[in-house]
Each structure stands twice: as C-alpha cells, then as structure tokens.
Amino acid sequence: MIFSGIKIKRTAVLLAALFILSIPFSYSQDYKKVHFKNVLIDTHNDILTTALENGYRFDQNLKGRTHSDLNRMKEAGMDVQIFSVWCDGYKQNPFSYANRQIDTLYAWIDRNPEKMMLVKTPSDLKKAVKLQKLGSMIGVEGGHMIENKLSNLDSLFNRGARYLTLTWNNSTEWASSAMEESRAAKSGSGRPSTQLGLSPFGKEIISRMNKLGMMVDLSHVGEKTFWDAIQTSSKPVIVSHSNCYSLCPVFRNLKDEQIIAIGKNGGLINMNFYSGFLSPEYQKLDDEFKVKHKQERDSLLKLNPEPYFANEYLFKKYPLEVQQMRPGLSVIVDHMDHIIKLIGADHVGFGSDFDGVNSTPQGLDDITAYPEIIKEMIKRGYSKKDIRKIMGGNFIRLFKNNMN
Ligand SMILES: [Zn+2]
C-alpha cells in the first residue's frame with residue numbers, strides 16, 4: 001500500500017508538473033494563433049511621409065530605420081493598412097503634395113502586385129484578405145490638403161482616399177484643430193487664427209463626404225469641431241489615431257463625453273501607440289527631457305518652428321535617455337479597457353501611428369510586435385469574439401456603413 005501510495009503520489013506530482021509546464025506553452029502558442037487567424041486592420045501609419053522625406057522604399061528592408069516596411073507588415077500579420085497622406089500646414093500646394101504621396105503608394109503597389117492591392121471598397125477588402133495581399137487604403141490627414149475646394153475632395157476620393165481627418169494640428173478656414181483650440185483657451189484670447197468649430201462650408205464638406213462614402217475622421221480636431229461634426233454627419237465617424245483624455249490628459253485625446261457620443265454614433269476609436277498619448281508619466285519625463293536640453297532645443301526651434309523637428313533631432317541624439325522614458329505596452333490595453341467600460345467593444349480598434357511617432361511603449365519597437373498586444377488582451381480576459389472585432393471586425397462594419 002505504501003509502495004503504491006508513493007507511486008500514485010509520484011504520478012500526481014508528475015502530472016501537476018506537466019500541467020504547470022504546459023500552461024505557458026499553450027498560452028504563448030495561443031495568442032499567436034488568435035493573432036494570425038484574425039483579420040488585422042490598422043487605421044493609421046505614416047510610412048508614406050517617412051519614406052518620401054528620407055528617400056526610403058517601402059519594399060526594401062528598413063529594419064532599424066523605421067517602424068514598418070512591406071515585409072515587416074506581412075510578418076506582423078497586417079491584412080489591411082490605411083496609409084496616411086500627410087503634410088504640415090506650411091507646405092505650399094498641399095493638394096498636389098497629397099497627390100504625390102498617393103502616386104508613391106500606387107508605385108509601391110504596382111511594383112508588388114503579388115503582395116499588395118489597393119482597397120477602395122469593402123469587397124476589395126474581402127478580396128485582399130482572401131488573396132493574402134496587403135490591403136492598402138488611403139486616409140488623408142489634414143483638411144488643408146483639399147485647399148477649400150469640394151472638387152479636390154472628390155478627386156482624392158476617386159483616387160482611393162477613404163477618410164479625411166478634418167484638421168491636423170493646424171486649423172483650416174472651415175474647422176478648428178485641437179491644438180489651436182487648446183492654445184486659444186490657454187492664452188485666454190478665446191479665438192484662434194480661424195473661427196472655432198465648423199463653418200457652414202465645413203458642414204458642407206461633411207455632407208459631401210457622407211454622400212461619397214468617405215469617413216469623417218475626428219482625430220486632431222478641436223472639441224468644438226468634434227461636436228459640430230458629429231451632429232452634422234449622417235454616417236458613423238472614425239477617430240483614426242487617438243486615446244482617452246481621462247487616462248492621459250493631452251490636448252488631442254478624447255474626453256469621456258466625446259467617447260460616449262462616438263458610441264451613440266456607431267463610430268470607432270482606434271488606439272494610438274504614441275507613448276505621449278498613452279502615459280501621463282511619460283509626458284512628465286518628456287517635459288523634464290525638454291528642460292534638460294532647453295538650450296539645444298531653442299536653437300533648433302529657431303531653424304524650424306514646428307516642434308517635431310527639434311524633438312526628432314534630440315531623440316536621435318540621446319537614445320538612452322529616451323529609452324528609459326518609455327511606458328510598458330499594457331498602457332494601450334488600459335485605454336482600450338476604459339473605452340470598453342464606457343461604450344463596449346464594438347467601438348475600439350487600432351490606429352498605431354507607426355512611423356509618425358518618436359516613442360512607442362517598451363516591447364513595441366516596431367510593427368512586428370503587434371501580437372504582444374493581443375497577448376496582453378488575452379491575459380486580461382478579452383473574449384476571442386471581442387479580440388476579432390477590435391483587430392478588424394469593427395472597422396469592416398464602419399467601412400460598410402459609410403459606403404452604403
Ligand atoms: Zn496624426
């Protein structure tokens with residue numbers, strides 16, 4: 001009896017050990033399986049601008065230089081990428097610059113017909129996924145690129161643009177940006193260089209977009225523009241790359257009442273992976289970094305008044321300091337949790353802002369780390385159904401609802 005008792009005990013210990021060993025194994029296999037089985041859609045990536053400004057080719061190996069390139073998008077399991085067409089408010093002829101960026105994307109697709117295809121409709125999207133080609137979509141980031149002409153909006157739509165971000169950081173004559181509205185509030189002038197909110201022409205633009213089937217993107221817009229736009233739009237809106245103000249109070253994150261309004265509108269908020277829009281702690285460290293290097297920064301700002309040029313330069317110069325400031329990637333899921341708590345899992349997606357930001361959380365060095373986010377979602381108990389919606393299902397619904 002004693003003998004067999006020991007045997008039973010040994011078997012039990014062995015089984016328990018095997019069980020414990022198998023947990024991390026099956027868990028680590030499982031998140032990759034979930035990730036690669038689902039359709040992954042990212043609603044904002046700035047590689048077009050990065051490639052054009054640096055003379056890079058998207059279909060060459062850009063590892064170590066960018067967050068993404070064609071092969072790494074495939075490796076990340078990306079099914080559909082919305083490429084951002086962008087220029088700042090100082091660019092001369094922004095409409096032709098936007099077209100130049102679209103030409104570049106077309107050239108990438110032409111060179112890689114086996115790997116990429118242009119997606120203009122939900123049925124194109126379905127086809128791209130089926131053929132395992134990178135579904136390539138266009139989003140225009142900044143209303144200034146239509147140069148106040150509805151005909152330019154139509155033309156961009158015809159070339160494939162499926163969202164227009166009403167403003168970037170600069171306001172247009174017909175819509176005020178989050179940056180200018182918050183500056184106006186701080187200075188107490190109550191009025192930026194343009195009017196606040198949407199002008200009658202701004203409302204006309206929204207109606208035209210609704211008619212065309214072009215999504216209204218409310219990332220970057222001021223609160224007044226946000227409320228005017230959401231009341232004007234007859235279709236569900238997109239917020240292509242923004243996070244939650246209550247977790248990270250920066251000028252262009254969404255306040256809870258805005259999130260609730262997007263839930264009612266049937267819209268979609270896509271998580272931005274920029275450390276500074278995710279973590280207030282990072283904001284603090286970044287401010288300290290700016291103070292520490294103030295002298296250098298001020299002289300850079302004299303060369304170019306847009307702060308991102310100076311920031312970019314200093315980040316490259318002091319990589320170790322910058323590395324230590326990064327938050328953990330679980331902060332992304334904190335923001336998702338917050339939105340889900342307010343309006344449910346039908347209104348969350350991903351809009352990484354890869355290649356448009358100079359800091360991403362630890363463990364998310366480039367686009368190939370995407371499955372790590374899914375791992376964190378599984379760890380927190382997200383259902384497979386919700387993960388499928390967040391990774392791409394919600395965007396597909398939004399796209400269909402805008403184009404019908
Ligand atoms: Zn942006």
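This is a predicted model: local features need pLDDT of at least 70, side-chain atom pairs count only at pLDDT 80 or more; totals for chains, interfaces and linings use all residues.

**Helix H12.** Next I asked which residues of H12 are buried. I found Tyr 282, Asp 286 and Phe 289. Looking down the axis of H12, I saw that its buried residues fall within an arc of 55 degrees, so they line one face of the helix. That made me recall the helix rule: an α-helix has 3.6 residues a turn, so residues three or four places apart point the same way. What do the buried residues of H12 pack against? I noted helix H11 (275-278), helix H14 (307-317) and H15.

**Leu 329.** I then went to the loop between helix H15 (319-325) and helix H16 (330-343), where Leu 329 sits. Is Leu 329 buried or exposed? Its relative accessibility is 12%, so I put it down as buried, the cut-off being under 20%. Leaving out residues up to four places away in sequence, I listed what Leu 329 touches, including Pro 361, Leu 364 and Ile 373.

**H2 and H4.** Last, I checked helix H2 (residues 47-54) and helix H4 (residues 94-111), whose axes come within 10 Å and cross at roughly 95 degrees. I therefore wrote them down as roughly perpendicular. Among the contact residues I picked out Leu 48 and Leu 52 of H2 and Tyr 97 and Trp 108 of H4. The residues of this contact divide into seven nonpolar, three polar and one charged.

Terms used
Residues are numbered from 1 along each chain as its sequence is written. Side-chain values use heavy atoms; hydrogens and water are left out. Helices (H or I, at least four residues) and strands (E, at least two) are DSSP runs, numbered from the N terminus. Buried means under 20% relative accessible area, exposed over 50%, partly exposed in between (1.4 Å probe, protein chains only). Contact means heavy atoms within 4.5 Å. The arc is that of the directions from the helix axis to the C-beta atoms. Axes are lines fitted to C-alpha atoms, for helices over the stretch in contact, and angles run from 0 to 180 degrees between N-to-C directions. Angles under 35 degrees count as roughly parallel, over 145 as roughly antiparallel, 65 to 115 as roughly perpendicular and the rest as oblique. Ala, Val, Leu, Ile, Met, Phe, Trp, Tyr, Cys and Pro count as nonpolar, Asp, Glu, Lys and Arg as charged, and the others, Gly among them, as polar.
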